[in-house]
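Thanks for coming, everyone. Let me put one chain on the screen and walk you through it.

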Amino acid sequence: MPHRRVAPEDSAPHSPLVSLQVAMSVPCILTSAARSLTLPAPAAALLRCRALVPACIRRRNMSSKRQMDHLERTANNYRQNDLYPAQVCGIINESETVKRLRLAVHPDFNFKAGQWVDFFIPGLEKVGGFSMCSSPGLLQREGVIELAVKYSKHPPAHWVHTMCTVGSRVAMRVGGNFFFDPLPSDPSVDLLLVAGGVGINPLYSILLHTADLLHLNHASDGQDYHIGSTHLCYSAKNTQELLFKDTIVDVCREFPDKVSCNFHVTKESTDVDPHLQPFVSCGRITKVELQAHVDPQRTVCYLCGPPPMIEAISQTLVDLGLPQDRILFEKWW
């Protein structure tokens, strides 16, 4: 998934909280050095590429339509050099098909909002690719990250859903050119986040990071970061498949002058929860809604979802006058 990242094994819907296997606040920090692991490594040279937008924004591209493994799909993406051990310290069922893992990580582990990890599982040859669905701020505060993984037959995702338990150990390496990481000196931009289905993961990380920066500004009683507006368009089949919806609504209500969202449901068959109703629209994301949140001089759009949706939304944004270098995307295959 602007760069498209590869992980059909990422997240999806959100239904009522279920089976909390261990308190998600358990930090279980790992302080030992990275364990020696014999693991496959990507073959290509890894380069950081820069887009023609502010330095906080990065993008990756890929056009092959044949099925490829995560490492092959992301071979030309930036990757960190280091591989870190991690331990599962919490598991929650986000929906009938999505599990959210909380992992305690090595103290040197770091990432930018929107990035993913190569996910190495002892005993499995296949390497997973999952976007972080937590903010860098959570890592700083608690020493943990979170991944939301949708069920599939792909071995890493299948392992998460059938064999992973609290205490399971894995290894991870951070990668990805798709991220939002503003500096205090960067000019303000307005973010338009467009997610389809499981594509919410990296955009949710970006949304949470934006909220963390707004909290920092409020705590310092100043404008340490120049944060513009953020609007999220999130499309799914029904409200049960909207991941993280309650937290997204809470962020919108906490920062009503800065953050807004619209959930789009295409096949809702039950009454919408009154708590969500003001934020829910029936049908697909429309050109009218996008136009209301596009300023060619200020807007940067992050897209993540299935390829047909990304292609259609990208073309609509271009038609609305948004420069292509301000349209950043990850396609989930």
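First, the ground rules. This is a predicted model, where local features need pLDDT of at least 70, side-chain atom pairs count only at pLDDT 80 or more, and totals for chains, interfaces and linings use all residues. Numbering runs from 1 along each chain as its sequence is written, and side-chain values use heavy atoms, without hydrogens or water.

The chain has seven helices and 14 strands. Those are DSSP runs numbered from the N terminus: helices are H or I with at least four residues, strands are E with at least two. Of the 333 residues, 58% are buried. Buried means under 20% relative accessible area, exposed over 50%, partly exposed in between, with a 1.4 Å probe and protein chains only.

Now the inside. The largest nonpolar core has 44 residues. A core here is a set of buried Ala, Val, Leu, Ile, Met, Phe, Trp, Tyr and Cys residues joined through side-chain atoms within 4.5 Å. Among the residues with the most contacts inside it are I200, Y234 and F263. Elements giving two or more residues include strand 9 (190–196), helix 4 (200–219) and helix 5. Which element gives the largest share? Helix 4, with nine residues. A second, separate core has 25 residues, Y84 and L139 among them.

Last, back to helix 5, residues 245–254, for E254. Why does E254 count as partly exposed? Because its relative accessibility is 44%.
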